[in-house]
Amino acid sequence: MSTLEEMKRDGRSTAELIAASLAQIDDEDGKSATCNPLAVLEARVTREVVDAAIALSGARDPKSRRLGVTILGQLGSPARTFPEECCDALLEIIHREQDRDVLIATVFAFGHLGNRRCEGALIGLRNHSDDDVRHGVAFSLCGATSDAAVGALLELMDDPYERARDWAATSIGQTVSIDGPEIRDALLRRVNDADVFVRAEALHGLARRRDDRVVPYLVAEISAAGEHEGLFVDAAKSYLGFSVDPDMDSEALARLLQLPNRQS
C-alpha cells in the first residue's frame, strides 16, 4: 500500500491531526514517520482543512502559526487546491509576523506554493538580517523572471550566507530564459566560490548557456576529482550538449572539453 493510499484511509479528524502535528512540529523523527499527521493534512484537500490552516496562521501561539503556514504552503501538492486563498493568508501573515521561526516557515511556504503574487513581499526581505530568511527568499524566488525578482536574486548571489548564494545561483543558472552579460558575469563571479555547491551551480548556469569561459573552470574541477566531482561532470555534459560515456574517466572528459573543434 502506498503512502498516499494510507493517507487517504486515515480516519483521524482534522482536529485530531492538528493536535498530533503540533505535538510533532519540533520532532524530526516524527515528521519522517509513515502517515505522519502533517502529511495527511496536506493531502486532505478539503475546505475544512484550508479553513483550519488559515485559522492556525492567525493564532496567538507561534507554534500554531508555524503549522498553519506550513500547511498553506503545501496543501494538495503537487495539484494545488485553494491556491489564491492560501497565498492571501500567507501575504497577510508575512507583513506582521515577528516570530523568527514562523517568518522563516512563511517565506519557504511561498516557495512551495509557487504563487508569483508573493514576489513583492519576498523581494522586500532580500536584505533581512537573518541568514535563513534570506536563504528562504532565494529558494522561493527560484524560477521567477520579473526584473525585480532577477535583481534580488543577483544580489543574493553575493550574499554572505552560502545557502542563500546557492539557491540564488541555482535559480539564475537554471532559468536559461534569463540571459545577457549581467547574468553571465554574475555567474562567473561565483565560479571560485568557497562553497562547492555554489561553484557547481554557477558553472552549470554558464554551461547551459554554452559560455566558453566555463571550460577552464570545469577542467580544473573535474581534474581535481573531489568528493562532488559528479556535479561538475553534469555541468560538462550540459556544455558539450551530448551524453558523455559513463565509463569516460576525468582525464578523457577534460581533454574532450578542451578540443578546439568540439561539438557544441
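What percentage of the 264 residues of the protein chain count as buried? The share is 47%, where buried means under 20% relative accessible area, exposed means over 50%, and partly exposed lies in between, using a 1.4 Å probe and protein chains only. The structure is a predicted model, in which local features need pLDDT of at least 70 and side-chain atom pairs count only at pLDDT 80 or more, whereas totals for chains, interfaces and linings use all residues. Residues are numbered from 1 along each chain as its sequence is written, and side-chain values use heavy atoms, with hydrogens and water left out.

**Overall architecture**

- The protein chain contains 17 helices and 0 strands; these are DSSP runs numbered from the N terminus, with helices (H or I) of at least four residues and strands (E) of at least two.
- Along the principal axes, the C-alpha atoms occupy a box of roughly 65 × 45 × 25 Å.
- Among contacts with a separation of 6 or more, 62% join residues 24 or more positions apart, a contact being heavy atoms within 4.5 Å.

**Surface and charge**

- The accessible surface of the protein chain is about 12800 Å², and carbon and sulfur atoms contribute 48% of it; such areas come from the Shrake-Rupley method with a 1.4 Å probe, and for residues only the protein chains shown count as cover.
- The protein chain carries 30 positive and 45 negative side chains, and the centres of the two sets lie 2 Å apart.
- In this tally Lys and Arg are positive and Asp and Glu negative, with His and the chain ends not counted; each charge is placed at NZ of Lys, CZ of Arg, CG of Asp or CD of Glu.

**Helices H10 and H11**

- Helix H10 is largely enclosed by the rest of the structure, because 8 of its 10 residues are buried.
- The buried residues of H10 are Val 133, Arg 134, His 135, Gly 136, Val 137, Ala 138, Phe 139 and Ser 140, and their cover includes helix H8 (100-113), H9, H11 and H12.
- His 135, which lies in H10 (residues 131-140), has a relative accessible area of 10% and is therefore buried.
- Leaving aside residues up to four places away in sequence, His 135 touches Phe 108, Tyr 161, Arg 163, Ala 164 and Trp 167.
- In helix H11 (residues 147-156), the buried residues include Ala 149, Val 150 and Ala 152, together with Leu 153, Leu 154 and Leu 156.
- The cover over the buried residues of H11 includes helix H9 (119-123), H10, helix H12 (162-174) and helix H13 (181-189).

**Helix H16**

- The 12 residues of H16 (residues 229-240) should span 16 Å at 1.5 Å a residue, which agrees with the 17 Å between its end C-alpha atoms; the expected span is 1.5 Å times one less than the number of residues.
- Phe 232, Val 233, Ala 235, Ala 236, Tyr 239 and Leu 240 are buried in H16.
- Viewed down the axis of H16, these buried residues fall within an arc of 160° and so line one face of the helix; the arc is that of the directions from the helix axis to the C-beta atoms.
- The buried residues of H16 pack against helix H14 (196-208), helix H15 (215-224) and helix H17 (250-258).
- Gly 241, with a positive phi near 80°, follows H16.

**Positive phi in loops**

- Phe 82, in the loop between helix H6 (62-74) and helix H7 (83-94), has a positive phi of about 50° although it is not a glycine.
- Phe 82 counts as partly exposed, at 23% relative accessibility.
- Arg 210, in the loop between H14 and H15, has a positive phi near 55° and counts as partly exposed at 36% relative accessibility.
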